[in-house]
Amino acid sequence: MSNTAISRPARRTERPAYGRDSLLEVAVAVFNERGYDGTGMEELARRLGLSKSSIYHHVAGKEELLSLAVTRALDSLFAVLDEGPAPDTSATARLRHVVRRSVEVLAAELPYVTLLLRLHGNSDTERQALARRREFDQRVADLVLRAAAEGGIRHDIDPHLASRLLFGTVNSLIEWYRPDGNLPVTTLADSLTAVLFEGLSRQGAAGAGPGRPSGRIQD
């Protein structure tokens, strides 16, 4: 019997397996890190550990990835507006609910909302997304107008300006909020809503009852 060693073929390096959702998650992270315009398919392929042809097996290109991402963010936000309130819900209570739930959506879909808010309108997909954002803003402004008409909020501020101030505050969370930190989403949503609707004055906080914050802002 021969003692000659039998050579075995080298094992092929296994590439990571991606479905469309997991591929999208990585792509969104890269878009937020490098900017959508500054990210090419070569960079996506490198970060994914795939060939470009493997990516094209799932999507037509990076603009489809962008479309999937911002549609996910927008659909989540519009779902908040479309949540059915009780028939006797006031416009003011409805507006408060929309603001609070939008904070929860932003926290749950943080990378996708971040990408949405950083669009520049340089492609058809971006322009379509920005048009939907304007539709969202208009619906919130209409709700602000109804809340002011019923006396629930002050009426001396233009509703479109009020809407921008409300959601400018909500949207600023993308700059510092981290879901893996020590600030619970419920505390964040409750605190932001209270500040926007009651303010920081002791008089505004009188009806909120005693208590201490249950979370700290992350450094």
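**Figure 1. Aromatic pairs in the predicted model.** A search of the whole structure finds 4 aromatic pairs, where rings of Phe, Tyr and Trp (its six-membered ring) pair if their centres lie within 6.5 Å, and planes under 30 degrees apart count as stacked, over 60 as edge-to-face and the rest as tilted. The model is predicted, so local features need pLDDT of at least 70 and side-chain atom pairs count only at pLDDT 80 or more, whereas totals for chains, interfaces and linings use all residues. Residues are numbered from 1 along each chain as its sequence is written, and side-chain values use heavy atoms, with hydrogens and water left out.

Figure 2. F78 and F136 form an edge-to-face pair, 5.7 Å centre to centre with 80 degrees between the planes. Because F78 lies in helix α4 and F136 in helix α7, this pair ties together parts that are 58 residues apart in sequence; helices (H or I, at least four residues) are DSSP runs, numbered from the N terminus. F136 and F167 also form an edge-to-face pair, at 5.4 Å centre to centre and 85 degrees between the planes. This second pair links F136 in helix α7 with F167 in helix α8, 31 residues apart. F136 is buried, with a relative accessible area of 5%, and F167 is buried at 6%; buried means under 20% relative accessible area (1.4 Å probe, protein chains only).

Figure 3. S102 is placed in helix α5, residues 91-108. With a relative accessibility of 1%, S102 counts as buried. Its side chain reaches the backbone oxygen of V98 at 2.7 Å, which falls under the definition of a polar contact (a pair of N or O atoms within 3.5 Å; within protein, one must be able to donate a hydrogen and the other to accept it, and residues adjacent in sequence count only if both atoms are side-chain atoms). Leaving aside neighbours within four places in sequence, S102 is in contact (heavy atoms within 4.5 Å) with L77, V80, F136, F167 and V170.

**Figure 4. The largest nonpolar core and helix α4.** The largest nonpolar core has 56 residues, and those with the most contacts inside it are L44, I55, L65, L116 and F167. Such a core is a set of buried Ala, Val, Leu, Ile, Met, Phe, Trp, Tyr and Cys residues joined through side-chain atoms within 4.5 Å. Helix α4 gives the most to this core, with 10 residues. The buried residues of α4 pack against α1, α2, α5, α6 and α7. Beyond its neighbours within four places in sequence, L116 is in contact with V70, A73, L74, L77, A129 and R133.

**Figure 5. Charges over rings.** K62 lies over the face of Y36, at 4.3 Å from the ring centre. R72 lies over the face of Y112, at 4.0 Å from the ring centre. A charge sits over a ring if NZ of Lys or CZ of Arg is within 6 Å of the ring centre and within 35 degrees of the ring normal.

Figure 6. M41 is found in helix α2 and, at 10% relative accessibility, counts as buried. M41 and K52 are 11 residues apart in sequence and 6.6 Å apart in space, C-alpha to C-alpha. Leaving aside neighbours within four places in sequence, M41 is in contact with K52, I55, Y56, G61 and K62.

Terms used: Helices (H or I, at least four residues) and strands (E, at least two) are DSSP runs, numbered from the N terminus. Buried means under 20% relative accessible area, exposed over 50%, partly exposed in between (1.4 Å probe, protein chains only).
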